[in-house]
Amino acid sequence: MQPGRNRDRHRGVRRDSGSGATERDEQFHAFVVSRRPRLLHTATLLTAGDTHLAEDLVQAALTKLYVAWPAFKRADNPDGYVRRVLVNALIDEKRRIWRRREQTMAVLPDVAGDTPSGAGPAGEAVKQALRELPPRMRAAVVFRYFYDLDVAATADALSCSEGNVKSQTARGLDRLRAALHQAQPTFLSQGATP
């Protein structure tokens, strides 16, 4: 083996002598460039439209993925691995003490100008109803009905049994129906059609 190559190989990490980036860095960079928009969309759904929390979740998930990059590369189902990391980041975030002390307000002090397409009174009612679900139940509903994953793939993403996914989605849908039924007069009065 050549002496220069030995210097560039340390603990199995091949380093590019010109830029200092490792092969792992390059793979991770390519992953982030190709997958970040999709991760952000998933995180936005998991947080029921809280874009700031979604950004935090994606950042936390990417950090965990970088640290565990060899395990991610060996995973049989990389997409399921990423979904599991996102859900775990959401659950970790909800367990933080300062998050429990945060008080929600009925009326936000500042409201963005235009609502994005597809977001109207009914969309806001759905987001609010999703926010009221516990994180794992919300994740089960999002993966099953927003991403159209089957029960097995959802169970893999949540690291739980298929029976748990079925019960979580059934309870989640019941809660959503009840919340939307209560909110229906509000968004119907704001111009939405039933």
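Me: Is Arg-35 buried, partly exposed or exposed?

Reply: Arg-35 counts as partly exposed, because its relative accessibility is 24%. On this scale buried means under 20% relative accessible area, exposed means over 50%, and partly exposed is in between (1.4 Å probe, protein chains only). Before we go on: this is a predicted model, where local features need pLDDT of at least 70, side-chain atom pairs count only at pLDDT 80 or more, and totals for chains, interfaces and linings use all residues. Residues are numbered from 1 along each chain as its sequence is written, and side-chain values use heavy atoms, with hydrogens and water left out.

Me: OK. What does Arg-35 form a salt bridge with?

Reply: Its partner is Asp-79, with the closest N and O atoms 2.8 Å apart. A salt bridge here is a side-chain nitrogen of Lys or Arg within 4 Å of a carboxyl oxygen of Asp or Glu.

Me: Which residue pairs with Asp-174?

Reply: Arg-177, with the closest N and O atoms 3.0 Å apart. Both residues lie in helix H10 (residues 162-189), three residues apart, which is about one turn of the helix. Asp-174 is partly exposed at 48%, while Arg-177 counts as exposed at 53% relative accessibility.

Me: What else is in H10? I was looking at Gln-184.

Reply: Gln-184 lies in that helix and counts as partly exposed, at 28% relative accessibility. Its C-alpha is separated by 8.1 Å from the C-alpha of Ala-125, 59 residues apart along the chain.

Me: Back to H5. How many residues has it, and how far does it reach?

Reply: H5 has 18 residues and reaches 26 Å from its first C-alpha to its last. That's close to the 26 Å expected, where the expected span is 1.5 Å times one less than the number of residues. Its buried residues include Tyr-81, Val-82, Leu-86, Ile-91 and also Arg-83 and Glu-93.

Me: How do H5 and H8 cross?

Reply: Their axes come within 10 Å and cross at roughly 150°, so H5 is roughly antiparallel to H8. Axes are lines fitted to C-alpha atoms, for helices over the stretch in contact, and angles run from 0 to 180 degrees between N-to-C directions. Angles under 35 degrees count as roughly parallel, over 145 as roughly antiparallel, 65 to 115 as roughly perpendicular and the rest as oblique.

Me: Left-handed or right-handed?

Reply: H5 passes H8 in a right-handed crossing. A crossing is left-handed if the near helix is turned anticlockwise from the far one by less than a right angle, and right-handed if clockwise.

Me: Which residues of H5 and H8 meet?

Reply: Arg-83, Val-87, Leu-90, Ile-91 and Lys-94 in H5 meet Pro-135, Arg-136, Arg-138, Ala-139 and Phe-143 in H8. Contact means heavy atoms within 4.5 Å. Among the buried residues of H8 are Pro-135, Arg-138, Ala-139 and Phe-143.

Me: What about H2 and H3, at what angle do they cross?

Reply: Roughly 150°, with the axes of H2 and helix H3 (residues 51-67) coming within 10 Å. That makes H2 roughly antiparallel to H3, and their crossing is right-handed.

Me: Last topic, backbone. What is the phi of Asp-148?

Reply: It's positive, about 60°, although Asp-148 is not a glycine. Most residues other than glycine have a negative phi. Asp-148 sits in the loop between helix H8 (135-146) and H9, and counts as exposed at 69% relative accessibility.

Me: And where does Ser-159 lie?

Reply: In the loop between H9 and H10. Ser-159 has a positive phi as well, near 55°.

Methods. Helices (H or I, at least four residues) and strands (E, at least two) are DSSP runs, numbered from the N terminus.
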